[in-house]
Structure formats: C-alpha cells, structure tokens
Amino acid sequence: MSGSVRSPLTTPWRRRLPVWAVALLLVSFGLSGLGASAATAAGNGQGGAAGHASTAQGSAVTTAVTSQPRQYTPEELALLNSRLYDEETMVKGKTGPVPKHAPLSPAVAAPSTVRAVASTLRDSAIPTSAISGGASFLSSTQEPSTDANGANIFQTGNWYASRSTDNGSTWSYLDPFSLFGSGFCCDQVTQYDPDTGRQFWLLQFSDHLVIANASAAGPGAFTGWCYWSITPSWMGLASTTGLDFNDMSISNSNVNISTNFFPTTGGQGAGLLRLPKAAMGTCSGFNYSYLTRTDNFTFKLVPGSTDTLYWGSNWGQTNGSSFRVFAWPENSGNYSWWDRTVPGYGFYTRNSGQNCASSDGVVTNWCQFADSRVLGAYRTAGLIGFSFNAKQDSSHPFPYTRFVWFNESDKNLNGSGDLWGSWGAIQFASLAPSSTGRVGVEFAWGGGTGGAHYYPGSGINNQAANAIDTSPNYYLWGAGNTCTYNGLPRWGDYLTVRTYKADPTKWIAAGYAMKGGDCGAAGAYPEPHNVLFG
C-alpha cells in the first residue's frame with residue numbers, strides 16, 4: 001500500500017512506548033492542527049481545525065482459521081512481553097487537591113454469586129482446550145475486545161484473535177502475529193458496524209498501527225480482510241514517532257481512531273484519525289482527517305456518537321479535578337472542546353500508592369501498574385458520560401471507579417458517582433449505551449478484607465445514564481494472582497463492552513480472570529470470557 005498524502009496542517013503525538021522501542025517520535029508542535037488561530041465555540045468552548053490527507057486502497061488477505069490459537073515460542077513470547085511493556089506514564093497537568101468529600105454513591109454489595117440487575121444471558125469461556133497453555137498462548141494483561149453480528153462473534157486479546165459463528169458455543173482462531181506482517185504487539189480493539197456489515201479490527205505493531213475490516217456475515221465471517229498500515233506520517237509525524245494505547249469508535253460515517261504518541265525528543269500527546277467507513281468497507285482509497293494535541297494524554301472516544309464524534313480526557317489540565325470534553329461534527333473540519341471542573345478524586349499514575357491488594361496481602365496489588373486515564377464512555381439520554389480509575393482515600397478504602405456525566409447540549413457537568421466497595425477495588429470500567437437510555441458496564445474487581453480473598457475477576461452492571469447501580473453482577477471469579485511487569489503486578493490494561501447490535505437493549509462484553517492458581521504456577525492461565533447481558 002502506498003503512503004498517505006497529507007495537507008500542510010501538521011500536529012504532534014504521544015505513546016506508551018514498549019521497552020524495546022525507545023527510539024521513537026518527533027518534536028511536538030502544540031495544539032493539533034490549530035495553526036495560528038483558535039476560535040471560540042458556543043457554550044464557552046474553544047475550537048480548532050483538523051488536518052486532511054489521503055491514502056491509497058488497502059491490501060487484501062485471507063486468513064486461515066484454526067482450532068487452537070498460535071502457540072508462541074519462548075523467543076516470540078519474550079518479544080511480545082517486551083513490546084507489551086510500556087514506558088513510564090507521563091506526568092502532565094497540575095495535581096488537583098486531595099479529595100475530602102464523602103463517596104458520591106453508596107457502596108456496592110459485596111461479591112456474591114447471586115445475580116443482580118445485570119443478568120447474564122450467555123457466558124462463554126474461550127475454551128480451556130485451546131487457551132490453557134498459559135503464558136505460551138495468552139498474557140495476564142489481556143486487553144480483551146469484542147463485538148458481534150448476531151451469532152457471529154469476534155474477540156481479541158493478548159495475544160490471540162478468536163471467532164465464533166454459533167453464538168459462543170465453539171471457537172476458532174486467527175493469528176494476529178503473522179496475518180498483517182511483522183512487528184505485532186498488542187492493544188487490539190474491534191467493533192462491528194451494521195451499516196457496512198463489516199468487522200473493524202485495530203492492532204498495534206512495533207512502529208505502526210493496522211486497521212483492518214472483514215465481512216461479519218455467514219460461516220466465512222472474519223476471514224477475508226482488507227487492511228491499511230497506519231504509520232506516524234498519517235498524522236504528519238516523523239517515522240520514528242511511537243503510537244500506543246489505542247481506541248476506536250464508529251459513528252454514522254466514520255471509523256474514528258485515537259492513540260497516544262511519544263516524540264523521540266521528549267514530550268507526548270494524543271491524536272485522532274477520522275476515516276470514512278464506506279470506502280474502507282470496499283477496500284478503496286480515501287481522504288481522511290486527523291488532529292493531534294500535546295496538552296492532553298489519552299483520548300477516550302464515546303460509543304453512541306452518531307453525526308458528531310465526542311471524546312474526553314482527564315489528563316493534562318488539573319489532574320484530579322478537571323475534565324475536557326471534545327466534539328467534532330461529521331460535516332465539519334473543525335472541532336471544539338470545553339473544560340469543566342468535576343468533584344475531586346485521587347488521580348494516580350503507575351506505582352504511585354494505589355493499592356488493590358487484599359488487606360492481608362494474599363491477593364497482590366493488581367492495579368499497581370495502572371493509572372487514572374479515561375477508560376469508559378457513553379452517549380445516551382441527552383448525556384455524555386465517562387469513567388476512570390481513582391485512588392483509595394479516607395472515604396474509599398480501596399481504589400474505585402469515578403463516573404462523570406455532562407449535558408450533551410451545553411457540556412456542563414450534570415452529575416457524578418462512584419462505583420466502589422468497602423471489601424475491595426473496582427477498576428478498568430468499560431461503558432456502552434443501550435437503545436433504552438441505560439449504560440452497560442464491564443469492570444474488574446478484587447481485593448478482600450477480614451480474611452476474604454478476592455482474586456481479580458470480571459463483573460457487569462446495568463445502570464441509568466445518571467446514576468450508579470449498587471448491585472453488580474460478579475459473573476467471573478479469579479482463582480489466582482496476576483503476573484508482574486518490571487516487578488509490578490499488572491491487570492487490564494482495559495476491558496470492553498459494546499452495544500449488542502442484534503438487540504441494542506443488550507450488551508456484549510469481554511472480561512477475564514486467572515484460573516488454576518497464581519501466575520507461573522503449573523496449570524495457571526488467564527481465561528477470557530465473552531458475555532451477553534441485559
């Protein structure tokens with residue numbers, strides 16, 4: 001595929017660098033695509049212009065489908081683990097005040113096998129006959145992603161891609177390590193688009209991203225792929241620029257992709273690509289738009305965006321008490337943003353004192369590698385909502401998840417709440433709207449007090465767009481501690497929930513838990529699950 005051709009509007013990026021790729025990136029240029037002007041937008045917001053470019057048609061490839069995922073050699077496994085390791089998260093923005101308020105919502109019920117508001121309609125484990133090879137098949141930092149066209153389900157994780165054409169009863173596997181060329185790393189994200197009938201698949205490689213799509217229909221679903229390699233030059237950046245921690249959300253006309261970037265000269269930022277989904281669905285060349293900024297880190301794109309793409313960031317202004325909401329109409333080359341104050345919370349970075357361990361330390365500190373970047377978002381019922389990890393404090397004995405929601409009309413803060421427990425931590429929440437104005441939640445949980453040991457597992461919730469439901473469904477229980485990276489226990493780095501397109505009153509989600517004992521023990525492995533709930 002030929003390289004992209006871009007307009008003179010340039011801008012910068014930032015990334016979670018794998019340890020092996022320290023030589024990345026270019027000088028950051030300030031506000032992405034803004035040039036010399038920053039217009040005032042309605043509602044006391046600010047605005048900027050996007051850059052524009054074009055690219056040639058994609059490359060086509062047909063994949064083999066196997067009964068088991070690739071079993072990596074020790075050398076390949078070492079390479080993948082090195083790529084998964086990211087550099088120290090940046091410290092950007094001022095630190096906000098230490099929160100002194102009471103919890104914004106009642107504590108959730110203690111873990112129980114009793115089903116609550118969110119009922120599992122189907123819970124499919126990616127079968128142990130294929131996955132229980134442990135670290136030779138999977139990472140305990142799963143980063144699972146999923147979506148479905150009815151009974152045809154596609155799910156990805158570190159380091160596999162799987163499909164089911166019978167609603168999760170059986171699974172077969174693709175090989176992301178070799179399918180789109182060399183350098184595969186991690187950070188896979190997938191989403192089904194009913195307008196085009198295509199499954200879109202975003203993957204991270206050592207020096208670029210890949211965006212692919214395939215038909216999601218029939219028994220041959222997810223086998224014939226068209227793909228593009230997204231190099232830093234797609235956004236006007238030097239070839240040494242590193243891209244990492246990616247997100248994708250499909251709106252009416254576009255496949256929207258966000259990523260962080262890191263210049264070799266220092267600094268960092270976040271960027272966004274707006275790609276036309278109709279042209280991509282036919283493997284055609286296309287024109288596209290992009291923007292980058294160096295005053296924010298991690299853009300969380302909003303599921304439920306239609307003719308306007310929304311996204312948000314809590315990292316870059318006053319960390320712990322501010323939030324920036326963005327909007328970009330599909331019929332415009334200009335985007336806007338609004339800075340809003342939110343109730344204070346404990347914003348944390350990697351290994352900065354957060355503690356998700358059980359009170360006696362038997363369950364290790366599984367969120368020690370994490371941070372407070374925005375991980376969840378939704379648009380429904382006239383609201384735009386977001387969620388992110390927050391540090392324990394005098395009112396929250398364990399790390400918890402903070403929710404904030406804003407009026408779509410004026411972007412003013414409408415409300416906020418906490419998903420928290422007195423018995424353990426709740427982290428890594430992913431969010432998606434339903435057609436009835438409710439929000440589906442997939443989250444990780446674990447900890448324990450008074451001799452109880454809750455190894456990290458997965459849960460789901462079904463709640464109003466402006467409230468926190470306190471009776472979640474702890475559908476997947478862990479049976480061992482996670483692995484460590486550079487000596488730090490690591491979970492996540494994210495989970496996924498999607499609106500179930502075949503019945504948008506429901507959700508499909510991907511979670512996981514350690515089974516068979518602690519990481520490294522004989523027979524221990526991270527078991528991914530795919531769940532349908534409502």
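Predicted model: local features only at pLDDT ≥ 70, side-chain atom pairs only at ≥ 80, totals over all residues.
S434 sits in the loop that runs between β29 (424-433) and β30 (438-447). Is S434 buried or exposed? Its relative accessible area is 8%, so S434 counts as buried, the cut-off being under 20%. If you set aside its neighbours within four places in sequence, the residues in contact with S434 are T380, P504, T505 and W507.

## The nonpolar cores

Let us turn to the nonpolar residues. In soluble globular proteins, nonpolar side chains tend to be buried together. Here, the largest nonpolar core has 45 residues, and I211, I257, L273, L275 and W366 are the ones with the most contacts inside it. Strand β16 (residues 242-250) supplies the largest share of this core, with 4 residues.

I257 is a handy place to start exploring. Leaving out neighbours within four places in sequence, I257 is in contact with L202, I211, I230, D247, M248, G271, L272, L273, L275 and L301. Another core, of 29 residues, lies apart from the largest one; its members include Y72, L77, C186 and A212.

## Two cis peptide bonds

Which residues does a cis peptide bond with an omega of about 5 degrees join? They are N158 and W159. W159 belongs to the loop between β9 (152-157) and β10 (160-164).

A cis peptide bond also links G492 to D493, with omega about -5 degrees. You will find D493 in the loop between β34 (488-489) and β35 (496-499).

## G157 at a glance

G157 is part of strand β9. With 0% relative accessibility, G157 is classed as buried. Once neighbours within four places in sequence are left aside, its contacts are Q142, E143, P144 and Q188.

How far apart are the C-alpha atoms of G157 and T146? The separation is 8.9 Å, for two residues that are 11 residues apart along the chain.

## Positive phi without glycine

D187 has a positive phi of about 50 degrees, although D187 is not a glycine. This aspartate is in strand β12 (residues 184-193), and its relative accessible area of 0% means that D187 is buried.

F428 is not a glycine either, yet its phi is positive, at about 60 degrees. F428 lies in strand β29. Why does F428 count as buried? Its relative accessible area is 2%, and buried means under 20%.

## A buried asparagine and its partner

Finally, have a look at N462, a residue of strand β31 (residues 454-464). Which side chain does the side chain of N462 meet in a polar contact? The partner is the side chain of R438, at 2.6 Å. N462 has a relative accessible area of 8%, so this asparagine is buried.

Definitions and conventions:
Residues numbered from 1 in each chain as written. Heavy atoms only, no water. Core = buried A, V, L, I, M, F, W, Y, C linked by side-chain atoms within 4.5 Å. Buried < 20%, exposed > 50% of the residue type's maximum accessible area, 1.4 Å probe, protein only. Helix = DSSP H or I, 4+ residues; strand = E, 2+ residues; numbered from the N terminus. Contact = heavy atoms within 4.5 Å. Polar contact = N/O pair within 3.5 Å; in protein donor to acceptor, adjacent residues only side chain to side chain.
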